[in-house]
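Reader: Please take a close look at one part of this model, the salt bridges, and explain what they connect.

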Amino acid sequence: MIERIKSAMVGLGASWVLWLMFVLSVVSLAVMLERAWLFWSLRDDVAALMRDLGKLLRAGDLAGARQRLEQSPSAEAAVVVAGVVEAEHGADSAEEAMAGAAALQRVKLEKRLGYLGTLGNNAPFIGLLGTVIGIVGAFEEFGKGPAQAVAGAAAAGPSEAVMRNIAEALVTTAVGLVVAIPAVAAFNTFQRIVKTTLANTDALGHVLLAHLKSDGVTGERSSSAREKAAAEARPAPASKGSAKASASAKAEEVKPAAVPEESA
């Protein structure tokens with residue numbers, strides 16, 4: 001069994017590993033360019049957007065705030081727009097809507113990043129596989145040396161084949177590292193951009209929630225003040241005892257005085 005596996009490995013050589021690494025590197029480069037273009041297209045001045053949103057909300061202009069957010073290409077604006085749409089139903093509804101929109105944006109931003117992370121972690125191992133295959137081939141050629149020497153073959157033949165297999169093994173290791181290092185660097189960079197975007201989204205969403213919650217508290221206070229003023233203006237109802245006493249007093253006042261009888 002081992003001899004069959006060794007023969008297959010030696011027969012195929014490490015060249016197929018190099019071709020595999022070449023294909024993986026091309027795909028990795030395509031993913032890097034696609035993600036870089038996506039993040040570039042979503043860039044915006046979030047600080048200026050936050051200032052504009054705060055001004056519009058303080059002015060009570062929800063329609064203007066929605067229009068300003070829709071003009072921005074950023075993922076942060078796309079999340080907060082969902083909250084503005086549900087703002088008329090209260091702060092809780094707006095918060096839930098933004099949570100759902102943020103989850104969708106996270107999936108969009110992290111798409112295909114798993115490929116870069118997987119390739120960055122496993123490309124060195126693929127190169128190591130090519131190295132092992134090359135070393136096995138080198139030892140196979142090295143084992144043929146004594147037999148060839150006895151047969152009168154040139155002593156340099158096996159040595160040349162051994163060196164060729166070792167060189168091929170080292171090349172596969174180097175290619176694995178060359179593919180892995182850019183993939184890991186791009187993965188870490190894009191992950192940092194995703195975290196920054198989500199943090200900006202959270203900050204921008206809290207601007208909207210602060211406005212909605214402050215409006216709710218102000219509305220409740222105004223309603224309580226109106227109810228209190230109406231209650232103070234309304235006359236207090238009279239009690240039953242005081243009503244009966246008042247009626248008796250009025251009856252006494254209306255009752256005519258007794259006329260004295262004439263003496264006989």
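Author: A salt bridge here is a side-chain nitrogen of Lys or Arg within 4 Å of a carboxyl oxygen of Asp or Glu. The model is a predicted one. By that rule, glutamate 110 forms a salt bridge with arginine 106, and their closest N and O atoms are 3.4 Å apart. Glutamate 110 is partly exposed, at a relative accessible area of 28%, and arginine 106 is also partly exposed, at 40%. Salt bridges with shared partners join Glu34, Arg35 and Arg112 into one network.

Another salt bridge links the side chains of aspartate 52 and arginine 68, at 3.0 Å from N to O. Because aspartate 52 belongs to helix H3 (residues 46-58) and arginine 68 to helix H4 (residues 62-70), the pair ties together parts that are 16 residues apart in sequence. Aspartate 52 counts as partly exposed at 27% relative accessibility, and arginine 68 is partly exposed at 21%. The count for the model comes to 5 salt bridges.

Terms used:
Residues numbered from 1 in each chain as written. Predicted model: local features only at pLDDT ≥ 70, side-chain atom pairs only at ≥ 80, totals over all residues. Heavy atoms only, no water. Helix = DSSP H or I, 4+ residues; strand = E, 2+ residues; numbered from the N terminus. Buried < 20%, exposed > 50% of the residue type's maximum accessible area, 1.4 Å probe, protein only.
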